[in-house]
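Visitor: I would like to learn how to read a few features of a model. Could we go through them one at a time?

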Protein chains: 2
Amino acid sequence: MKYSNSLDRLYAEGAFIWGDYAATAEKESGKPVMRLQIGQPDFLPHPLVRQSIAQAYEEGKTGYGPPLGQDVLRTEVAKEIQSYYKKAKITKDNVAITSGGGKMAIGIICRSLMNPGDKVLVPCYDYPGHFGGISDAGGVWFPYKLLPEQQYDIDCLDLEKQIKKTCAKFVFLLSPSNPTGGVASYESLEKLAFLANKYQFTVITDEIYRGHVFDGDFISILDFPGMDTRTVVIDGPGKRNCVPGIRIGYIIGPSTFIDGPVRKLNNVRFSCPPTPEQLGLAKSINHPEVRSYISEMKNEFKKRCDFVVKTLNAIPKIDCPKSGGAFYVFPNIIKTGLTGEEFAHRLLKEKNVCVLPGASFGGGMIDRESKKPYGTYNIRISIASSINVLKEAVGRIKDFVKGLS
Amino acid sequence: MKYSNSLDRLYAEGAFIWGDYAATAEKESGKPVMRLQIGQPDFLPHPLVRQSIAQAYEEGKTGYGPPLGQDVLRTEVAKEIQSYYKKAKITKDNVAITSGGGKMAIGIICRSLMNPGDKVLVPCYDYPGHFGGISDAGGVWFPYKLLPEQQYDIDCLDLEKQIKKTCAKFVFLLSPSNPTGGVASYESLEKLAFLANKYQFTVITDEIYRGHVFDGDFISILDFPGMDTRTVVIDGPGKRNCVPGIRIGYIIGPSTFIDGPVRKLNNVRFSCPPTPEQLGLAKSINHPEVRSYISEMKNEFKKRCDFVVKTLNAIPKIDCPKSGGAFYVFPNIIKTGLTGEEFAHRLLKEKNVCVLPGASFGGGMIDRESKKPYGTYNIRISIASSINVLKEAVGRIKDFVKGLS
């Protein structure tokens, strides 16, 4: 049986392999591995979310629905995310629900908009699912830089340079960011909006971590002038409502985009999103208890991030920018003499702590200055574990680095 | 915002539009519409299925899992479907679970195997989701004929002729069939297997209705010599376990295919299938009560099909081949002087009964003899409603046809 020629060019996320590595290390060592490689909140979904979906199952509400999702959930999602925007107006007609989580939303957006060979700018560093969706649609990505010295804010000079150089039709944005924990500043977003209008490109913005900004409010590119017609948003309840494994995603965009290409692609790729999950989410996501639960979780993540950043920076040879949101930190470990890949493998083997090598987030692109793949000297640590686990893990990282010298 | 150039060539299923038409007709007439356009069992999922999934939600088992699915479900699926095969040996390594139902399975199979421009033979008439998956992967489809006079069995002479003519690399098979209710005979499958080995093509067989063969056992192409290495199977619990709206699918194939391209595509398109659904299905699908529930349902569908076929054939100007499985009948209505499109629209407007025009299942292909699109003079009726609803609906169809003359 022969496979499609293009499979080699298809970019798949590496994080799942590290889950296998962790399982192997656990088996070999006979001791539990601390899994800091995965971006999965350790909070259970709020009981109202769990019970609402369970109830839809009990009642057998398991039939087909409309390709763009149940009106009742589209309406509730519009209401929920409207509270995050200052100016953008969102109604149910701007919202599509997907099967398959935010990743499906990425794939459908890329397939809807891109032609093979289309150029796409992505932040470096970026969530690998973006590379997956772009490569599945035949697009080609180029990096724009972030500024580690400014908590991974966008390097707007580099961004404009790359736009001029590549004439890219699409720019990805991810704020708060996976893997860096960086949050794009108001000034950067203003500049990005200015450039989008000037150079007529579409912004594909991943707002999956919109509920996890540590200081101040979440700011969306959608709130800047002229962006309502040139922005498409990736979102979903996975991270905010602590249900990453139920695989529901949201796409927000102009109503003509939702009712045209997205309706068609949803139909072709999965007919309709799952019904009981939608009915359960519709009943629960705007409940005041659920909304305040998200706030509490965010505060907890902030404490953990601050603790981990402070403790990591106290380790010689590790430099860790502050994290402004999401649940990751992305330290530079070049002074240890190891690459992120070597660091992660040895840390797993020697200390039973699993983190991800930074190059997983570089899309295979080569940094023009260092001539190495982006992220070669970084690791990503997820702080979605309890503070006690994190204390122990950072302690082991300290011991590990100490042992290197 | 510009969209991808290839969206026009993307084929989307029309059945969802008729759901909208039905809703409009209901509003305009102020009376309920009998919805016979959708292939959705009117049986609720067995309580054990519903409760098992609900329990996983209650317990908050909502985290990520492996891209190919939970081992516990892969094992149970292998066990369940093994009972349908006479010779083929299926283990968990031959099974992948998908988000997004059987439709996602189709898309992933097509994307894994096909290059743009690849030729694919499809039965005419066929489930539109196949055209969707093929078009999304850039493949091009050509028809092989079925034999209405032999209950829509495969026309093997035409099949071989089309294989020689097109040199197609892939042949789709759907038995029991949507839309025809036809079941491929042992002799036809034997011939197909012979041709597959002779001309070295891959068979993509949709076995979603494997639990709904009315007379005798289900026969799979996978049971014929040499087919284990050149067959990929589309399956899922939607129809058998009456959970079409939870959007889970199964892909069965050689272990190298599952662990290679399918693992990669699952990762790229949806990361992992939904966890609570998988855990719940794993606990319930092989329970003896659930298995016998499927049998009872099949018997009920058989009764309904026989009744509908007999009653339709008693209407002058309607010719309806017997249905051997699934839950559809596909009568020819050419003698009414109407096309299927006209018939379906008028029947909805005048009698509040919704069926689908046959051309929805022809993939836009033109019949070489009639020079019309395949299915122009057919309608599809789903018998997934209660016998009382079907009695009333067929009575209205009778009145409608009577009123034409």
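Visitor: Leaving aside its neighbours within four places in sequence, which residues is Ile318(B) in contact with?

Guide: First, the conventions. This is a predicted model, in which local features need pLDDT of at least 70 and side-chain atom pairs count only at pLDDT 80 or more, while totals for chains, interfaces and linings use all residues. Residues are numbered from 1 along each chain as its sequence is written, chains are lettered from A and ligands numbered from 1 in the order in which they are written, and side-chain values use heavy atoms, with hydrogens and water left out.

Contact means heavy atoms within 4.5 Å. With those neighbours set aside, Ile318(B) contacts Leu312(B), Asn313(B), Pro331(B), Asn332(B), Ile333(B), Phe343(B), Ile397(B) and Val401(B). Ile318(B) is located in the loop between helix H10 (288–313) and S10 of chain B; helices (H or I, at least four residues) and strands (E, at least two) are DSSP runs, numbered from the N terminus.

Visitor: Is Ile318(B) buried or exposed?

Guide: Buried means under 20% relative accessible area, exposed over 50%, and partly exposed in between, with a 1.4 Å probe and protein chains only. Ile318(B) has a relative accessible area of 3%, so Ile318(B) is buried. For a contrasting class, Lys119(A) in strand S3 of chain A has 36% relative accessibility and therefore counts as partly exposed. Lys119(A) touches Val140(A), Phe142(A), Thr166(A), Ala168(A), Lys169(A) and Phe170(A), residues up to four places away in sequence not being counted.

Visitor: How do I read a helix pair, and at what angle do H1 and H11 of chain B pack?

Guide: Two packed helices are described by the angle between their axes and the distance between the axes. Axes are lines fitted to C-alpha atoms, for helices over the stretch in contact, and angles run from 0 to 180 degrees between N-to-C directions. Helix H1 (residues 15–29) and helix H11 (residues 340–351) of chain B pack at about 30°, and their axes are 10 Å apart. That makes H1(B) roughly parallel to H11(B); angles under 35 degrees count as roughly parallel, over 145 as roughly antiparallel, 65 to 115 as roughly perpendicular and the rest as oblique. H1(B) contributes Trp18(B), Tyr21(B), Ala22(B) and Ala25(B) to the contact, and H11(B) contributes Glu341(B), Ala344(B), His345(B) and Leu348(B).

Visitor: How far apart are the ring centres of Tyr152(A) and Phe330(A)?

Guide: A pair of aromatic rings is described by the distance of the centres and the angle of the planes. Rings of Phe, Tyr and Trp (its six-membered ring) pair if their centres lie within 6.5 Å; planes under 30 degrees apart count as stacked, over 60 as edge-to-face and the rest as tilted. By this rule there are 39 aromatic pairs over all chains. The centres of Tyr152(A) and Phe330(A) are 5.9 Å apart and the planes are at 65°, so this pair is edge-to-face. Tyr152(A) and Phe330(A) are 178 residues apart and link distant parts of the chain. Tyr152(A) counts as buried at 5% relative accessibility, and Phe330(A) counts as buried at 0%. In chain B, Tyr152(B) and Phe330(B) also form an edge-to-face pair, with 5.9 Å centre to centre and 65° between the planes.

Visitor: Over the face of which residue does Arg210(A) lie?

Guide: A charge sits over a ring if NZ of Lys or CZ of Arg is within 6 Å of the ring centre and within 35 degrees of the ring normal. Arg210(A) lies over the face of Tyr84(A), 5.4 Å from the ring centre.
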